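Reader: Hey, could you walk me through the charged pairs in this one?
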Amino acid sequence: MAAGTFYVVGVGPGDPELLTMRAVRVIQNAPVVAYFCRHDKKGHARTIADRYIRPTTRELRLAYPFTTELSVADPAYHTRMHAFYDKSAQDISSILINGQDVVLLCEGDPFLYGSAMYLFDRLRSTFTTDVTPGITAMSGCWAQAGQPMTHGDDVLCVLPATLPEPELQNWLERADAAVVMKIGRNMPKLQRALARSGRLDEAQYVERGTQENGFSHPVTDCAEKVPYFSLVLVPGRKGVR
């Protein structure tokens, strides 16, 4: 029996209408759909793709052992997450070996801070893999905010807010335009870095971009803690043309 194909599908930033035609086709034809989630949640990617999943499709929930309970700086974080990804890859592998295709959903684009990358890395050498790119969270958010980002030969920098504050400040000073992701509890640190780099007044906060309850406002109006599914936009130079 031939092994199944491992499909990794980007489902975009939130609006179900922003899935590509290819993503919809792959999901609708999937015998098995896998997705990451919290133990008590449906999962963001699963929610986005809901209308395209057939009632007869088998679902495989990959529930994280934790989300924000442990800091990335804690040694236990990487040990436990490594074990989780190993187990998730084994679960998918057991289905692929039996000849069934598996579609792994990933919000945004799979290869931009996507957890799907870790399973792709573990399975690509053993099984046929196919990756469908998705509209990124950042492009969905700057469309939501009506914020043009790069002009002329501007350099765009994508930053995780989990970086140490001095590094955030340094990159914000160097980049023409910047997108800051993974904010959550890091907002106070980011606000300080933006202020010290002289970029605070131009920075725009976007929460749940492209979703029905999405909105944006200046970073100066933000609370100290914001949801994980949010980001900050720092536009590039204006008037260069």
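Author: Here are some notes on the salt bridges. This is a predicted model, where local features need pLDDT of at least 70, side-chain atom pairs count only at pLDDT 80 or more, and totals for chains, interfaces and linings use all residues. Residues are numbered from 1 along each chain as its sequence is written, and side-chain values use heavy atoms, with hydrogens and water left out.

Reader: OK, how many salt bridges does the count come to?
Author: The count is 13 salt bridges, each a side-chain nitrogen of Lys or Arg within 4 Å of a carboxyl oxygen of Asp or Glu.

Reader: What does arginine 237 form a salt bridge with?
Author: Its partner is aspartate 153, with the closest N and O atoms 2.5 Å apart. The two sit 84 residues apart: arginine 237 is in the segment after strand S10 (230–234), and aspartate 153 is in the loop between helix H5 (137–145) and strand S6 (156–160). Helices (H or I, at least four residues) and strands (E, at least two) are DSSP runs, numbered from the N terminus.

Reader: And glutamate 165, is that buried or exposed?
Author: Glutamate 165 is buried at 14% relative accessibility. Buried means under 20% relative accessible area, exposed over 50%, and partly exposed in between (1.4 Å probe, protein chains only). Glutamate 165 forms a salt bridge with arginine 196, the closest N and O atoms being 2.4 Å apart. Arginine 196 is exposed, at 54%.
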